[in-house]
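Hello,

Here is the structure I promised to pass on. My notes follow below it.

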Amino acid sequence: MTLAARESLAYPETLPTRLVPDLLDRFQKVDYLQVFDTGFAVPETIDHFVSRKCRLHFSAAYELLQNPPVATSSKRDGRLIDKKAQDQALYQAWRERFDQALDFPQGTRFDLCFFWDFFNYTDDIALKAFSDSLSPYLKDSAVGHAYVLLKEGHPVLHRSFGVAAKDEIVVRPAHWQALPAYARPQARVTSMLQDFRVNHSVLRRDGLLEISLKAQLANTQP
């Protein structure tokens, strides 16, 4: 590990957030909080929630995006591949991968989801599959937080996030392999999320759109 890498771990960057405080305030009177995080366990997030009764689920979902599945359809229209059938096969392959990884104990219902910049590393098909796999584990009152990449070629990718304080996010260079990024409008991202709608959004100086999400559940939970 280089000296710069060691220093980034010891002295990570911090970012102000205007949206997370509102999300956390919603749960001041909740006795037992269940939190979903697409990243890895970071000490700041653990320390932030240690004073209250809660359960933190760190999914390391970024690792699931390494070596994406390749699905081909046997259906053909003349000499042309049936694109719709191929996309459905790819969706099923992603869905199986996410279903296996997000196999939480029965009764798990998340109040708060930290998606960080995970959506930016999934194409539309993978994002919809992820959303559908997570769906059974969301409470009706669930809320979420994410950063959306609106333009291609942005330099603020490949980072690890955590909650340093109510209004402060801690950021480090990610230790997993770099992933391709997918820049999209906010509306296109949220159209893949069947259970959430955007509650508030703030365009940051670094070009990322910070969004808070509110549940609009349409699924039937087990």
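Start at leucine 112, which stands opposite valine 143 in strand 7. Bear in mind that the model is predicted.

The two strands here are strand 6 (residues 110-116) and strand 7. They run parallel and are joined by five bridges. Both belong to an open sheet of six strands, ordered 3-2-6-7-11-10, with mixed pairing. Strand 3 (54-58) and strand 10 (196-203) form the edges. Each has a single partner strand, so one side of each has no neighbour in the sheet. From one strand to the next, the twist averages 15°.

Helix 5 (residues 124-134) lies across strand 2 (33-37), strand 6 and strand 7. Its angle to strand 6 is about 160°.

Now the packing. The largest nonpolar core has 62 residues. Those touching the most other members are Phe36, Leu112, Phe115, Phe119, Phe130 and Leu134. Strand 7 (residues 138-149) gives this core its largest share, seven residues. Beyond its neighbours within four places in sequence, leucine 112 contacts Leu23, Leu24, Phe27, Gln34, Val35, Phe36, Phe49 and Val143.

Two backbone angles deserve a look. Most residues other than glycine have a negative phi. Tryptophan 116, in strand 6, has a positive phi near 50°. Alanine 60 also has a positive phi, about 50°. Alanine 60 sits in the loop between strand 3 and strand 4 (76-77).

Are these two residues buried or exposed? Buried means under 20% relative accessible area. Alanine 60 is at 14%, so it counts as buried. Tryptophan 116 is at 1%, so it is buried too.

Best wishes

Definitions and conventions. Residues numbered from 1 in each chain as written. Predicted model: local features only at pLDDT ≥ 70, side-chain atom pairs only at ≥ 80, totals over all residues. Heavy atoms only, no water. Core = buried A, V, L, I, M, F, W, Y, C linked by side-chain atoms within 4.5 Å. Buried < 20%, exposed > 50% of the residue type's maximum accessible area, 1.4 Å probe, protein only. Helix = DSSP H or I, 4+ residues; strand = E, 2+ residues; numbered from the N terminus. Contact = heavy atoms within 4.5 Å. Pairing = 2+ DSSP bridges. Axes fitted to C-alpha atoms, helices over the stretch in contact; angles between N-to-C directions.
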